[in-house]
Amino acid sequence: IENLLIQSERRFRALVENGADALVILDTSGKPFYVSPSITHVLGYSEEEVLNLNLFEVLHPDDAPHVAAKMEEALQKPGIPIQGYTSRTKHKDGSWRWLEATITNMLHDPGINGIVDNFRDVTQRIEALQKLQESEKKYLDLFNTSPIPKWIFDLETLLFVDVNEPALLAYGYSREEFLSMTIEDNRPKQELPILQQALKEVHASTDDLIRFGMVTHQLKSGELIRVDISGRRITYNNRPCLIIASHDVTERENMLRQLEETNERFLYINKVTHDAIYEWDIETDVYVWGD
């Protein structure tokens with residue numbers, strides 16, 4: 001039994017000393033009286049240096065009140081692990097590191113008689129999240145100030161989750177109406193298979209930029225318009241979404257169709273008439289003769 005206890009203690013000590021987490025036992029004032037050797041990997045200090053520090057001396061001033069509140073909560077709940085406030089702590093090299101902690105009040109346990117603070121460095125995760133949030137904010141700023149109709153929809157539910165003012169004006173819906181719809185609701189029924197195929201291609205693709213091309217949309221009035229659609233993948237409220245830009249090309253397509261009809265009429269007249277027909281480009285002095 002003694003040998004088993006020794007082996008168990010060695011395993012526990014190895015985990016505490018070499019793990020990615022650091023462990024500190026504090027008194028009620030926040031001063032440590034035990035520090036695991038892994039503190040050096042996490043914050044760069046030696047055990048002796050940490051024993052001469054107070055927790056609140058190395059905390060970021062903006063985070064100290066939140067950590068103090070969590071400590072107070074732990075004091076009120078002995079023996080219950082409390083998820084600590086993810087806070088910034090000064091590394092020995094002067095940089096700030098984000099730490100995620102679990103605090104457990106073990107003052108009632110004679111073998112510990114302190115507050116156990118188990119924490120790990122989550123700086124990379126927090127910085128990645130901040131970059132993602134900055135990117136999201138940049139796109140949302142462009143989204144809200146753009147004169148082009150834009151909306152954001154959830155890639156899984158297909159629900160509209162945000163829409164800008166130009167889109168409300170162009171499509172005729174109120175914001176509440178828009179946000180209660182899916183992207184299938186403003187497409188004519190005959191175009192739904194095209195939409196479903198396009199969504200399959202989006203899910204199969206890893207590209208951030210998505211080009212849907214020319215599609216038909218239906219306004220609240222029932223009028224059909226032709227739009228050129230493009231999008232970009234974003235994470236919005238922790239959900240996979242697309243931010244879409246809609247360019248109305250109805251007038252342009254109508255003009256092209258009228259031009260084609262005019263050309264067809266001209267060609268028909270050119271074939272059936274006995275008169276000589278030609279086009280004269282005055283600037284270049286070039287003539288194009290009919291048959």
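**Surface patches and aromatic pairs in a predicted model**

At 46% relative accessibility, Leu256 counts as partly exposed, because that class covers the values between the limit for buried residues, under 20%, and the limit for exposed ones, over 50%. The structure described here is a predicted model. Leu256 belongs to helix α10, which spans residues 250–272.

The description now turns to strands β12 and β13. Strand β12 covers residues 278–281, and strand β13 covers residues 286–289. A nonpolar patch on the surface is formed by Tyr278, Trp280, Ile282, Tyr287 and Trp289, which together have about 620 Å² of accessible area. Each of the two strands, β12 and β13, supplies at least two residues of this nonpolar patch. Ile282, by contrast, is located in the loop between β12 and β13. With a relative accessibility of 64%, Ile282 counts as exposed, since exposed residues are those over 50%.

A negative surface patch is also present, and its members are Glu279, Asp281, Glu283 and Asp285. Of these, Glu279 lies in strand β12. Glu279 is exposed, its relative accessible area being 53%.

Aromatic rings form a further topic. A pair of aromatic rings is described by the distance of the centres and the angle of the planes. In this model the count comes to ten aromatic pairs. In one of them, Trp151 and Phe160, the ring centres are 5.9 Å apart and the planes stand at 85°, so the pair is edge-to-face. The cut-off behind that name is an angle over 60 degrees. Trp151 and Phe160 are both buried.

Another pair joins Tyr278 and Trp289, with 4.5 Å from centre to centre and 45° between the planes, and this pair is tilted. Because Tyr278 lies in strand β12 and Trp289 in strand β13, the pair ties together parts that are eleven residues apart in sequence. Tyr278 has a relative accessibility of 43% and therefore counts as partly exposed, whereas Trp289 is exposed, with a relative accessible area of 54%. Tyr278 and Trp289 are also members of the nonpolar patch described above.

Together with Tyr171, Tyr173 and Phe178, they form one aromatic cluster.

Methods:
Residues are numbered from 1 along each chain as its sequence is written. This is a predicted model: local features need pLDDT of at least 70, side-chain atom pairs count only at pLDDT 80 or more; totals for chains, interfaces and linings use all residues. Side-chain values use heavy atoms; hydrogens and water are left out. Patches are made of residues with over 30% relative accessible area and no salt bridge: like charges are joined within 9 Å, nonpolar side chains (Val, Leu, Ile, Met, Phe, Trp, Tyr) within 5 Å. Accessible areas come from the Shrake-Rupley method with a 1.4 Å probe; for residues, only the protein chains shown count as cover. A salt bridge is a side-chain nitrogen of Lys or Arg within 4 Å of a carboxyl oxygen of Asp or Glu. Lys and Arg count as positive and Asp and Glu as negative; His and the chain ends are not counted. The place of a charge is taken as NZ of Lys, CZ of Arg, CG of Asp or CD of Glu. Helices (H or I, at least four residues) and strands (E, at least two) are DSSP runs, numbered from the N terminus. Buried means under 20% relative accessible area, exposed over 50%, partly exposed in between (1.4 Å probe, protein chains only). Rings of Phe, Tyr and Trp (its six-membered ring) pair if their centres lie within 6.5 Å; planes under 30 degrees apart count as stacked, over 60 as edge-to-face and the rest as tilted.
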